[in-house]
Amino acid sequence: MKIYIDGEYYDKDDAKVSVFDHGVLYGDGIFEGIRAYNGRIFRLEDHLLRLQDSANSILLKLPLSLKEIEKAIVETVRLNGLKDAYIRLVVTRGVGDLGLDMRKCKGGATLFIIADKIELYPDEFYEKGLTLVTSTIRQKGLDQVTPSVKSLNYLANIMARAEATAAGAQEAIMLNSTGHVSECTGDNIFFIKRGKIFTPPTSAGILVGVTRQVAMELCESKLANKVVERNFPRYDLYSADEVFLTGTGAEVISAVKIDGRTIGKGVAGPVTRQLIKHFREYANSTGTPVYETVKAK
Ligand code: PXG
C-alpha cells in the first residue's frame with residue numbers, strides 16, 4: 001500500500017506524521033471519506049467542495065488547490081491499483097508546539113491520503129435492515145463547531161457508536177439539543193410515511209452528507225418523490241413506514257428496529273429497496289475516472 005503525505009508516497013509502515021502535529025495533539029483538522037466504484041471516484045467534486053467549506057470554517061488554509069488535491073487523490077488510487085476503494089483524505093493543522101495557538105503551526109497544513117479496500121455491511125443487512133438505538137450523547141449544538149464541519153473530533157460519535165454496539169445495534173441516532181433527530185454517528189437518516197420522504201435539515205445539526213444529497217436527487221429524479229427537509233422527533237421514526245440511512249460507507253441502507261420498536265414490516269421496505277437499486281446503478285456509472293487517460297487530439 002502506498003500512502004500520500006505532503007507530496008510523497010510512503011509504504012504503510014513508513015507513513016507517519018509528527019507527534020507535534022495539531023491533528024494528533026488536538027484533533028485540529030478535517031477529513032473526507034470518499035468511495036471509488038469500478039475505477040471511478042464517486043462525487044469527488046462534492047467531497048472537495050465540502051473539504052474547502054470545512055477548511056474555511058476552521059480558518060485552515062489548504063496546502064494545495066482543489067485541482068491539485070484531486071490529482072493527488074486520483075494518483076493515490078491509481079498507484080494502489082484499486083478499482084473499488086475507500087479513500088480517506090485528511091488535512092491537519094500541521095506541526096506546532098504544545099500550545100493551542102494555530103499560528104505556531106508555521107509549516108502549514110499536513111495533507112495525507114489513504115486509499116484502501118472497502119469494508120461494507122454484509123449483504124444480508126441490505127435485505128434485513130439495521131438495528132438502531134438512540135444514543136445518550138447529544139449532537140453538538142449549532143453554537144459549537146457545527147456538525148457540518150467534518151472535523152477530526154469524532155469522539156462523541158465514537159462513544160455513541162459504542163453505545164449502539166453495547167446494545168447489540170449497528171448504529172446510533174443522535175438527537176440535538178432540542179430533542180429533534182439529527183443524524184447517526186456515520187450516516188444521515190430519512191424516514192418515509194404515507195409515501196412522503198423526510199430528512200432533517202442542515203439546521204438540525206448534521207453533516208451535510210454527499211450520499212444524502214445523491215439520495216435526495218435520486219428520490220426526485222427516479223422516484224418522482226421530492227424529499228422534505230424538516231425537523232422531527234423520534235416518534236416520527238417509531239411510527240414510520242420505512243427508515244433508511246445514507247453514508248459513503250453504508251450507501252443506502254434500511255433501518256428496521258429502533259429502540260426496540262419494529263419499523264414497518266421489519267425488513268427493508270419497497271421504497272428503500274428501489275432507492276438502493278437506483279443508487280447502485282448510479283454509483284457504478286458515474287465518477288472521476290482513475291485509469292482512463294484523456295485521448296490525444
Ligand atoms: N454524518 C456523519 C456524522 C458522518 O460522519 C455522514 C453523515 C454521511 O456523509 P457522506 O458524505 O459520507 O454521505 C457521515 C459519513 C465510515 C465513516 O467508515 C463514515 C463517515 C466518517 C467516518 C467513517 O462509514 N462519515
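Helices and strands here are DSSP runs, numbered from the N terminus. The model is predicted.

**View 1. Elements around the ligand.** Four elements, β5 (85–92), β9 (181–184), α6 (210–223) and β13 (242–247), each supply at least two residues of the shell around the ligand. Both domain 1 (2–116) and domain 2 (125–283) contribute to this shell, with at least three residues from each.

**View 2. Residues of the shell.** The ligand has 21 residues around it, and those that come nearest are Tyr154, Glu183, Val210, Thr211 and Thr248. Sorted by class, the shell holds 10 polar, six nonpolar and five charged residues.

**View 3. Polar side chains at the ligand.** In the side chain of Tyr154, an N or O atom is 2.5 Å from an oxygen atom of the ligand. For Thr211, an N or O atom of the side chain is 2.6 Å from an oxygen atom of the ligand. Glu183 places a polar side-chain atom 2.7 Å from a nitrogen atom of the ligand. The ligand taken alone exposes 540 Å², and the protein buries 85% of that.

View 4. The ligand takes up the space of the largest pocket.

Methods. Residues numbered from 1 in each chain as written. Predicted model: local features only at pLDDT ≥ 70, side-chain atom pairs only at ≥ 80, totals over all residues. Heavy atoms only, no water. Near = heavy atom within 4 Å. Polar contact = N/O pair within 3.5 Å; in protein donor to acceptor, adjacent residues only side chain to side chain. Areas by Shrake-Rupley, 256 points an atom, 1.4 Å probe, with all protein chains shown as cover. 1 Å grid on protein atoms, 1.4 Å probe; cavity = no way out; pocket = protein on both sides within 12 Å on 5 of 7 lines; lining within 4 Å. Sits in = over half its atoms within 2 Å of the grid points. Nonpolar A, V, L, I, M, F, W, Y, C, P; charged D, E, K, R; others polar. Domains from an automatic or database assignment.
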